[in-house]
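Thank you all for coming. Please look at the sequence and the structure on the screen for a moment, and then I will take you through a few parts of it.

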Amino acid sequence: MAVTILAIESSCDDTSAAVIRDGIILSNLIAGQDIHMSYGGVVPELASRAHQANIVPVVDQALRRAGVGAEEIDAVAFTRGPGLLGSLLVGTSFAKGFALAGNIPLIDVNHLQAHVLVHFILEKDGKNKVPGFPFLCLLVSGGHTRLIVMKSHLEMEIIGNTIDDAAGEAFDKCGKLMDLPYPAGPMIDRLASQGNRKAFSFAKPKVKDLDFSFSGLKTSFLYFLRDKLRDDPQFIEKYKPDLCASLQDTIVSMLISKLVKASQLTGIKEIGIAGGVSANSGLRKGLAREAEKRDWNLFIPPLSYTTDNAAMIGITGYYKYLRGEFTGQDAAPQARY
Ligand code: KG4
Ligand code: ZN
């Protein structure tokens, strides 16, 4: 019998709902929150209020687009954490209410595990291929930078981690220094396409094994700008594309070099990226070159699956459903999970 899951994601500033049947995505709706842009970061209180306003219409639309009635849903999957507590609470409470009303099971999902599982979502046309195991995935988001080995759909081992900032934070914090609106990653990516990536160079920290560090880059970028602005107050305005291209190139090469090292150490050639920063065009192009050179089977998610979305919660929920891994009405959201 087919398994149909309603999935809810509300860990940060996107309210998303998806319907997935037997691993095939039927709908995936995302309502973003522009309200945070002028604050230079996500304001938790505003985020949870916006989730409250968005959750019912987003779920309603997800069901309509999927052509699925509420009574056809077999289980509700929701993001339990990590994330902003007030935001998680909205999705968790909604999921509990829906499950209670339909007398169906609840499935709690780890947001980070879900980011990696996007590679296993099946499209309706049946044309997309999925990775084999073991699968090596670089998870790069606003909060995390991790190298993960997946041994099966639900078995993961973290083999590398950032020791300070995440790669997305490096994009966002350096963007803020250039007065770019939050989150700066997408705009740096766009401006970088018009700049010279070899215009400036920034120090890359040496971090042991498969770990990463990005806080030094932010500091070196800050001092670099401060020195240049002293001589020319218009420096940022004049060289923004070159600054963005050089910064992006530095971050991307730090990410790729560790991924290459991880592949060499583990012998794994089934390789993918996931998380918000996996939308970065420099990273995508750089990896495509590496894949060709190193004979990797490379998995780059569609753009709609790079940022936070409920489709990834749905596919994780599906595999947990198959294993009978359910949770109770007492499941509390967890900011750190
Ligand atoms: O995974 P995500 O949507 O949220 C979590 O952190 O969980 O990732 C958001 C991060 C932000 O730091 C944003 O600046 C970054 O992803 N990002 C990008 C791009 N698109 C989003 N960074 C670089 N280039 C992009 N095209
Ligand atoms: Zn995320």
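Before I come to the sheet, a word on terms: two strands are said to pair if DSSP finds at least two bridges between them, and helices (H or I, at least four residues) and strands (E, at least two) are DSSP runs, numbered from the N terminus. This is a predicted model, in which local features need pLDDT of at least 70 and side-chain atom pairs count only at pLDDT 80 or more, while totals for chains, interfaces and linings use all residues. Residues are numbered from 1 along each chain as its sequence is written, chains are lettered from A and ligands numbered from 1 in the order in which they are written, and side-chain values use heavy atoms, with hydrogens and water left out.

Strand S1, residues 4-9, and strand S2, residues 15-21, run antiparallel and are joined by six bridges; Glu 9, for instance, has Ser 16 in S2 as its bridge partner. Both belong to an open sheet of five strands with mixed pairing, in the order S3-S2-S1-S4-S5. Strand S3 (24-31) and strand S5 (106-110) are at the edges, and each has a single partner strand, so one side of each is left without a neighbour in the sheet.

What lies across S1, S2 and S3? That is helix H1, residues 44-66, which runs at about 25 degrees to S2; axes here are lines fitted to C-alpha atoms, for helices over the stretch in contact, and angles run from 0 to 180 degrees between N-to-C directions. Within H1 sits Ser 48, which counts as buried at 10% relative accessibility, where buried means under 20% relative accessible area, exposed over 50%, and partly exposed in between, with a 1.4 Å probe and protein chains only.

Now to the metal. The zinc ion (ligand 2) is coordinated by His 111 (NE2), His 115 (NE2) and Asp 308 (OD), at 2.1 to 2.2 Å; donors are N, O and S atoms within 2.8 Å of the metal (3.2 Å for Na, K and Ca), and because water is not among the atoms, sites may look incomplete. His 115 in helix H3 (residues 111-117) and Asp 308 in the loop between strand S10 (297-299) and H9 are 193 residues apart, so that the pair links distant parts of the chain. Both His 115 and Asp 308 are buried.

Finally, Gly 267 lies in the loop between helix H7 (235-266) and strand S9 (270-274), and Gly 267 is exposed, with a relative accessible area of 57%.

Conventions: Contact = heavy atoms within 4.5 Å.
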